Amino acid sequence: MRKPLVAALFALAIAGAGAAPAVAAPTASAPVTAERTGATAATKADAPTLRAVTLAGTVALSNCSGSVVRFPNSLDSDPALVLTNGHCLESGFPQPGEVIVNRASSRTFGLLNSAGTRVATLRASKIAYATMTDTDAAIYQLTTTYATIRNSYGISALTVQDTHPTAGTAITVASGYWKRLYNCNIDGFVYRMEEGDWTWKDSVRYTSACNTIGGTSGSPVVDQATGKVVAVNNTGNEDGESCTVNNPCEIDASGNVTVRQGINYAQQTYQFPACFTTRNQLNLSAAGCVLPKP
């Protein structure tokens, strides 16, 4: 996992003064943008029109990143939702096989505008859904609606795409915690990925330009051509170890294991829209809902 920041700093403290921190301190300045790798075979004329993704609609958690999201069938009058990782929960990591639904929460989130300036504090009413089984995601329901957020702060929610993304797509990982944008491409998809006790399916693998760091956990992964969320950033192989915490390994359909040190990953989110129906309420029995159930 891209560790929640408190855990990352604690680990550095125990390692001693000689350990160099892996991250720089956040500032209130404009976000830093990493260089994006383009599709080498595509000409300028053939390439899709890409948009400049900003930090508008992202949020900063106490230890992670996240974003205010909506689904294709969400209404402006619905309670707004925040997407982050399951391993970013205030209660700690869910156990393998554990699925949390409709648990009360009053967690707060710092809402950012396009320049990365915090413009509001949003509050949860509950954890609508969270798990680290098959995926690593959490959805919080807020005490306010999309319309209120837009009318009060001029910020619209990011829409979650309801179809599987494709390899080669130009993407931006937008970290509300660090106020930083990472631009790269989807390198491919991982049949199974293991990290410690957890297993995830059909994970997104980035090209190397998305060198995400601790605190970027939960960042939305945005398709630059559509502006829609296609995944949620969650981990990377830090030390070259195989299948250990902070060192996920890739496992193909034949059981072959591959380790890619320095490469980072996300979990797809196209499965979520089918599971949130009227009034943005979770319905794990809805047609087409394939998320893990309690």
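Two strands are taken to pair if DSSP finds at least two bridges between them, and strands (E, at least two residues) as well as helices (H or I, at least four residues) are DSSP runs numbered from the N terminus. By that criterion strand 12 and strand 17 (residues 264-268), which run antiparallel, are joined by 2 bridges.

The model is a predicted one, in which local features need pLDDT of at least 70 and side-chain atom pairs count only at pLDDT 80 or more, while totals for chains, interfaces and linings use all residues. Residues are numbered from 1 along each chain as its sequence is written, and side-chain values use heavy atoms, with hydrogens and water left out.

Strand 17 is mostly covered, since 5 of its 5 residues are buried, where buried means under 20% relative accessible area, exposed over 50% and partly exposed in between (1.4 Å probe, protein chains only). Strand 17 also pairs with strand 14 (residues 229-236) in the antiparallel sense over 5 bridges, and there Gly-236 stands opposite Asn-264.

Strand 12 has a further antiparallel pairing, over 8 bridges, with strand 11 (residues 180-195). These two strands form a hairpin with 2 residues between them, and Gly-196 in the turn has a positive phi of about 60°. Val-190 has its bridge partner in strand 12, namely Ser-203.

Ser-203 counts as buried, at 0% relative accessibility. Its side chain and that of Gln-267 are joined by a polar contact of 3.0 Å, the term standing for a pair of N or O atoms within 3.5 Å, of which, within protein, one must be able to donate a hydrogen and the other to accept it, and for which residues adjacent in sequence count only if both atoms are side-chain atoms. Leaving aside residues up to four places away in sequence, Ser-203 touches Gly-188, Phe-189, Val-190, Met-193, Ala-266 and Gln-267, contact meaning heavy atoms within 4.5 Å.

**Aromatic pairs and charges over rings**

The structure holds 5 aromatic pairs, a pair being rings of Phe, Tyr and Trp (its six-membered ring) with centres within 6.5 Å; planes under 30 degrees apart count as stacked, over 60 as edge-to-face and the rest as tilted. Two of the pairs are set out here.

| Pair | Centre to centre | Angle of planes | Class |
|---|---|---|---|
| Phe-93 and Trp-198 | 5.7 Å | 75° | edge-to-face |
| Tyr-177 and Trp-178 | 5.1 Å | 70° | edge-to-face |

Because Phe-93 lies in the loop between strand 4 (79-84) and strand 5 (99-104) and Trp-198 in strand 12 (residues 198-206), their pair ties together parts that are 105 residues apart in sequence. Phe-93 is partly exposed, with a relative accessible area of 33%, whereas Trp-198 is buried at 9% relative accessibility. Tyr-177 and Trp-178 are both buried.

The charged end of Arg-192 sits over the ring of Tyr-191, 4.4 Å from its centre, and that of Arg-70 sits over the ring of Tyr-146, 4.8 Å from its centre; the criterion is NZ of Lys or CZ of Arg within 6 Å of the ring centre and within 35 degrees of the ring normal.

**Helix 2**

Tyr-146 is one of the buried residues of helix 2 (residues 146-153), together with Ala-147 and Ile-149. These residues cover an arc of only 165° around the axis, which puts them on the same side of helix 2, the arc being that of the directions from the helix axis to the C-beta atoms. The elements that cover them include strand 3 (65-70), strand 4, strand 6 (108-112), strand 7 (118-131) and strand 8 (137-145). Just after helix 2, Gly-154 takes a positive phi of about 70°.
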